[in-house]
Amino acid sequence: MRTCQRCAYVLLILISQSYTISNFEIGGPKNGKEKKCQENQYVSKKEGFCCDKCHPGFKLADECTQKNTRSNCEICKNGTYMEKSNYYPNCFSCQQCNKPHSIEKSECTIYTNRVCKCEDGYYKKILGDLDWECSRCKVCGPGQMKTVECTEEQNSKCECKEDYYLAAEKMSCEKCVECREGCENFCIVSTPPNVKTVITKSPDKLHQILVPVCACITVVALGVFMLYEGFRLRRKRIRALSSQSSSPAHEDQTLIITVPPDTINESVPFTNQPCEPEQHRKLPDCVPREIKIHEFFYFVLDEVPIGRFKELVRRLGVSEQNIDRAEQDHRNCKDAHYQMLKVWSDSGNGGGNNVLPCHCIQKFIETLRDMYLVNCADNIENRFLSQDTNAS
């Protein structure tokens with residue numbers, strides 16, 4: 001009830017002040033014309049001329065009666081004040097610090113109003129334009145930390161500590177025990193199922209890009225490999241057909257060897273004798289077909305895997321020095337391997353400059369079989385040595 005009476009009193013004062021200013025400060029009451037006065041003066045409501053205002057701490061008792069005379073002002077009584085120059089008939093009453101937990105911050109004077117504040121542990125909570133109360137400062141609870149200190153006119157603020165979350169049903173901070181909102185750090189070190197759920201919510205964009213790219217590269221590489229194998233097999237077939245077409249000319253040749261009369265009884269007929277390695281024969285019981293070195297070398301280069309070629313020539317007796325020299329002299333891999341075979345053939349016995357003897361080829365095939373390259377050995381034997389048997 002007291003608060004309502006005070007509000008009505010202040011409202012009446014404001015209305016009277018606005019009425020006085022609008023009627024007497026702007027224009028005189030007699031002629032209705034606008035009257036301009038200096039900042040420290042006002043328009044008299046009786047005579048219509050300018051009178052001086054009262055100083056702060058004083059109120060107007062009587063207006064001036066003539067021009068260039070001073071108004072009659074009185075000092076404000078105890079418990080009242082006036083902050084500015086004025087021509088009000090009454091001073092304002094100082095407020096009382098009589099609210100619960102309120103104390104006086106600065107005393108009332110004739111120039112200033114009394115200022116109130118709240119006791120320690122309380123802050124001034126504004127309830128309206130003219131009303132306030134002292135409220136207790138908030139105390140942070142378990143799992144909380146203070147982010148804003150309590151001041152005269154502001155309450156303290158609290159937030160949950162790290163690894164704590166705000167439980168809405170309890171309005172308090174609870175310890176994180178699982179991955180949830182407010183427990184983001186806990187999700188990083190959580191159990192594998194929780195980590196898996198986090199990953200599914202935000203999939204790795206890099207993984208989505210790499211999978212299609214790797215698949216495309218794999219398909220292209222497979223296609224190139226299949227084309228290469230197709231061309232290689234086709235070239236082998238063409239060579240095989242060309243070799244078969246040229247073989248009858250060699251089969252029609254007849255080998256004639258003259259034997260002295262005194263050894264005719266000890267000799268063995270040369271016809272229908274298979275070609276055998278040199279270490280298994282005591283007499284020259286077969287004469288092999290002439291095998292061109294370059295024809296044999298090019299066939300071997302296509303058959304023997306590139307990765308096993310150095311091992312092959314080492315087993316055949318080619319030194320490391322000759323292998324290195326061949327690689328230095330020839331940048332092309334096949335040219336270098338051809339040179340290694342040339343070193344091996346030149347170190348063998350018999351056959352002439354451009355012809356390989358039968359026993360060298362047989363040794364070559366046995367070396368391939370020792371290296372478990374049985375398919376290569378069979379292809380070379382069928383290409384070269386089987387034709388000698390058929391021819392005989």
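Biologist: Which pLDDT does the predicted model need for local features?

Modeller: Residues are numbered from 1 along each chain as its sequence is written, and side-chain values use heavy atoms, with hydrogens and water left out. In this predicted model, side-chain atom pairs count only at pLDDT 80 or more, totals for chains, interfaces and linings use all residues, and local features need pLDDT of at least 70.

Biologist: How many aromatic pairs are there?

Modeller: A pair of aromatic rings is described by the distance of the centres and the angle of the planes. Rings of Phe, Tyr and Trp (its six-membered ring) pair if their centres lie within 6.5 Å, and planes under 30 degrees apart count as stacked, over 60 as edge-to-face and the rest as tilted. By this rule the number of aromatic pairs is 11.

Biologist: What is the angle between the planes of Y298 and Y338, and which helices hold these two residues?

Modeller: The rings of Y298 and Y338 form a tilted pair, 5.3 Å centre to centre, with 35° between the planes. Helices (H or I, at least four residues) and strands (E, at least two) are DSSP runs, numbered from the N terminus. The pair links distant parts of the chain, 40 residues apart, with Y298 in helix α5 (residues 293-303) and Y338 in helix α8 (residues 333-347).

Biologist: Is Y338 buried, exposed or partly exposed?

Modeller: Buried means under 20% relative accessible area, exposed over 50%, and partly exposed in between (1.4 Å probe, protein chains only). With 22% relative accessibility, Y338 counts as partly exposed.

Biologist: Why is the pair of W344 and F364 called tilted, and which helices does this pair tie together?

Modeller: The ring centres of W344 and F364 are 5.3 Å apart and their planes stand at 55°, so the pair is tilted. W344 counts as buried at 6% relative accessibility, and F364 counts as buried at 0%. The two residues are 20 residues apart in sequence, and the pair ties together helix α8, where W344 lies, and helix α9 (residues 358-370), where F364 lies.

Biologist: Which residue lies over the face of F299?

Modeller: One aromatic cluster is formed by F296, F297, Y298, F299, Y338, W344, F364 and F384. A charge sits over a ring if NZ of Lys or CZ of Arg is within 6 Å of the ring centre and within 35 degrees of the ring normal, as with the charged end of K99, which sits over the ring of W132 at 5.4 Å from its centre. Over the face of F299, at 5.9 Å from the ring centre, lies R383.

Biologist: How many disulfides are there?

Modeller: A disulfide is a covalent bond between the sulfur atoms of two cysteines. Here a disulfide is a pair of cysteine sulfur atoms within 2.5 Å. By this rule the number of disulfides is 11.

Biologist: Is the disulfide of C37 and C50 left-handed or right-handed?

Modeller: The sulfur atoms of C37 and C50 are 1.9 Å apart. C37 is partly exposed, with a relative accessible area of 27%, whereas C50 counts as buried at 17%. The torsion about their S-S bond is about -85°, so the disulfide is left-handed.

Biologist: What is the handedness of the link of C94 and C108?

Modeller: C94 and C108 form a disulfide with their sulfur atoms 1.7 Å apart, and both C94 and C108 are buried. With 45° about the S-S bond, the link of C94 and C108 is right-handed.

Biologist: What is the volume of the largest cavity?

Modeller: On a 1 Å grid over the protein atoms alone, a cavity is a set of points where a 1.4 Å probe fits but cannot get out, and lining residues have an atom within 4 Å of a point. A search of the whole structure finds 2 cavities of 30 Å³ or more, where a volume is the space filled by probe spheres set on the points, and grid points are joined across faces, edges and corners. The largest cavity has a volume of about 40 Å³.

Biologist: Which element gives the most to the lining of the largest cavity?

Modeller: The largest cavity is lined by L301, V304, I306, F309, C333, K334 and H337, and C333 is partly exposed, with a relative accessible area of 35%. With 3 residues, the element that gives the most to this lining is α8.

Definitions and conventions
On a 1 Å grid over the protein atoms alone, a cavity is a set of points where a 1.4 Å probe fits but cannot get out, and a pocket is an open set with protein on both sides within 12 Å along at least five of seven lines; lining residues have an atom within 4 Å of a point.
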